[in-house]
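Keep the viewer open as you read.

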Amino acid sequence: MQKPKVQGLWGNKISFLQIPIPKLSQSKISNPLEFVWNARKLIKRKRHSFSVYLIGLLLDLEMKLRGPEVASKTFYNTLGNCSVLISNMFGPMEQMALANHPVSGVYFAMSGGPQNVNVEIMSYVGELRITSKTLKGFIDEQKFKFCIEKAFDEIFKDAMEIYEIPKWDIYMEILISGGAV
């Protein structure tokens, strides 16, 4: 896009996936990590489906024909039918500075949306940043925080059980003796 006379698309491109989120208690999966893998497979399959491109094309077409206000209203009304919105955005790979002061972190949070729960995920200099927002009084904040932390802990624990920690003393012996690892 930085080269002259490039015919590529410029600007932000928006599309969305509507995916039902099953409850862990309703599924027949006992391992939370399997639940994550199955959700990942579903999202990957839907992300590469024709519907994502079709929704993006229809939103672009509506914006060109009827204007950005109508397109944003359509987008807002569609998202108003969902209760949870999960959004992700790639952040900068290098640390930013404002007026020669380094920026230690960047968070992304949407406001004014019709959803009951928003979860925004953003990366900044290789770190994952997660922001969540709920309607006031919709969910008990402490219980929501506890449930999120418990889910992350269970998934992390299960992931560490299948991941074998390398025995560094064996690797060091092989490296010192000149062998290949």
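## Starting from a salt bridge

R66 forms a salt bridge with E62, and their closest N and O atoms are 3.2 Å apart. Keep in mind that this is a predicted model. Side chains of opposite charge can pair when their charged atoms come close. Both partners sit in helix α2, and because they are four residues apart there, about one helical turn separates R66 from E62. Are the two partners buried or exposed? R66 has a relative accessible area of 57%, so it counts as exposed. E62 comes out at 15% relative accessibility, which is under the 20% cut-off, so E62 counts as buried.

That pair also leads us to the next helix along. Two packed helices are described by the angle between their axes and the distance between the axes. For helix α2 (residues 50-66) and helix α3 (residues 68-79), the angle is about 145° and the axes are 7 Å apart. Which residues of α2 meet α3? They are L59, E62, M63 and R66, and on the α3 side they meet P68, V70, A71, T74 and F75. So both ends of our salt bridge, R66 and E62, turn up in this contact as well. Sorted by class, the contact of α2 with α3 has six nonpolar residues, one polar and two charged.

There's another helix pair to look at. Helix α1 (residues 32-47) packs against helix α4 (residues 141-162) at an angle of about 95°, with 8 Å between their axes. An angle from 65 to 115 degrees counts as roughly perpendicular, and α1 and α4 are therefore described that way. From α1, the contact uses P32, L33 and V36; from α4, it uses E154, I155, D158, A159 and I162. By class, that makes six nonpolar residues, two charged ones and no polar ones.

Now for the strands. Strands of a sheet pair through backbone hydrogen bonds, either parallel or antiparallel. Here you'll find an open sheet of three strands in the order β1-β4-β5, and the pairing is mixed. Its edge strands are β1 (84-89) and β5, each of which pairs on one side only. From one strand to the next, the twist averages 15°.

Zoom in on β4 and β5. Strand β4 (residues 117-124) and strand β5 (residues 127-134) run antiparallel and are joined by eight bridges. With a relative accessible area of 36%, V125 is partly exposed.

E127 opens strand β5, which covers residues 127-134.

N100 sits in the loop between β2 (97-98) and β3 (101-102). Its phi is near 65°, a positive value in a residue other than glycine. Relative accessibility for N100 is 77%, so this residue counts as exposed. Next, look for G113 in the loop between β3 and β4. At 25% relative accessibility, G113 counts as partly exposed. Where is N77 in relation to G113? The two are 36 residues apart in sequence, while their C-alpha atoms are 9.8 Å apart in space.

Key
Residues numbered from 1 in each chain as written. Predicted model: local features only at pLDDT ≥ 70, side-chain atom pairs only at ≥ 80, totals over all residues. Heavy atoms only, no water. Pairing = 2+ DSSP bridges. Helix = DSSP H or I, 4+ residues; strand = E, 2+ residues; numbered from the N terminus. Axes fitted to C-alpha atoms, helices over the stretch in contact; angles between N-to-C directions. Parallel < 35°, antiparallel > 145°, perpendicular 65-115°, else oblique. Contact = heavy atoms within 4.5 Å. Nonpolar A, V, L, I, M, F, W, Y, C, P; charged D, E, K, R; others polar. Buried < 20%, exposed > 50% of the residue type's maximum accessible area, 1.4 Å probe, protein only. Salt bridge = Lys/Arg side-chain N within 4 Å of Asp/Glu carboxyl O.
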